[in-house]
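Student: Could you walk me through the helix packing in this model?
Tutor: Happy to; let's look at it together.

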Amino acid sequence: MEEVKTIYFAGGCFWGTERAFQLLEGVVDTQVGYINGQTENPTYRQVCTDTTGFKEAVKISYDPAVLPLERLLQAFFLCIEPEKKNQQGNDRGSQYQTGVYYMDEASQAICQDYFDRERIKHAAFYTELAPMINYYPAEDYHQDYLITHPNGYCHISSQEFDQVKALNPKK
C-alpha cells in the first residue's frame, strides 16, 4: 500500500457526500467536518448561520495505489451541480458551496487539470478549488450519518450513488 493521502470535498450536505465516497474501493477513512472558515472549532449551529465562512466537507483518506485522485474527482462531479452557487439540491446557504481542497502541489496540479476540463462543460461554474486552510471535525452524530440512518435525508440520488459504485474496478 502506498502512503495514504488526504483530500477534502465539499459537495453540499456532507451526509450524502460522505456516503458516496464510502462506496469507493481505496477510500481508507472518511470524516465529515467544516472547512476553510473564520471561526475556531465551529459547531453545526454556528456554520448554519451563514456567518462563519465554513463549508460542510468530507475529509477523505485514500490509497492512491488503489484509487487515483482522478477517480475521486470523477465521483465528486457525478454527485454535484457545479453551476449552483451556495446550493445543492434543496439545501441553500454558503455552507453548501461545493469545492475541492488539497494538501499538496501534486494534488493541486491533478485537480486543476480536472477542473479545467470540467469547467468547459458548464455555462456557469462555481465549484471552488483551493488549499485546505483549516478543518474541524463535525459533531459525532454527523459522522457516518447515512450508515446509521439509512433513510436519512440526502440530496444525492440513488442513481448517482450507483454511478459512483460503478467507478470501482471490475473484478
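Student: At what angle do helix H3 and helix H4 pack, and how far apart are their axes?
Tutor: First, a word on the source: this is a predicted model, in which local features need pLDDT of at least 70 and side-chain atom pairs count only at pLDDT 80 or more, while totals for chains, interfaces and linings use all residues. Residues are numbered from 1 along each chain as its sequence is written, and side-chain values use heavy atoms, with hydrogens and water left out. Helices (DSSP runs of H or I, at least four residues) are numbered from the N terminus, and axes are lines fitted to C-alpha atoms over the stretch in contact, with angles from 0 to 180 degrees between N-to-C directions. For H3 (residues 69–79) and H4 (residues 105–119), the axes are 10 Å apart and the angle is about 40°.

Student: Which word describes how H3 and H4 lie to each other?
Tutor: Angles under 35 degrees count as roughly parallel, over 145 as roughly antiparallel, 65 to 115 as roughly perpendicular and the rest as oblique. Their angle is about 40°. H3 and H4 are therefore oblique.

Student: Which residues of H4 make the contact with H3?
Tutor: Contact means heavy atoms within 4.5 Å. H3 brings Leu69, Glu70, Leu73, Gln74 and Phe77. From H4 come Ser107, Ile110, Cys111, Tyr114, Phe115 and Glu118.

Student: How does H3 lie relative to H6?
Tutor: H3 and helix H6 (residues 158–165) pack with their axes 9 Å apart, at an angle of about 170°. That angle makes H3, relative to H6, roughly antiparallel.

Student: Which residues of H6 touch H3?
Tutor: On the H3 side, the contact uses Ala75, Leu78 and Cys79. Their partners on H6 are Glu160, Gln163 and Val164.

Student: In which strand does Tyr136 lie?
Tutor: Strands are DSSP runs of E, at least two residues. Tyr136 touches residues including Gly33, Tyr34 and Phe54, not counting those up to four places away in sequence. Tyr136 belongs to residues 135–137, strand E8.
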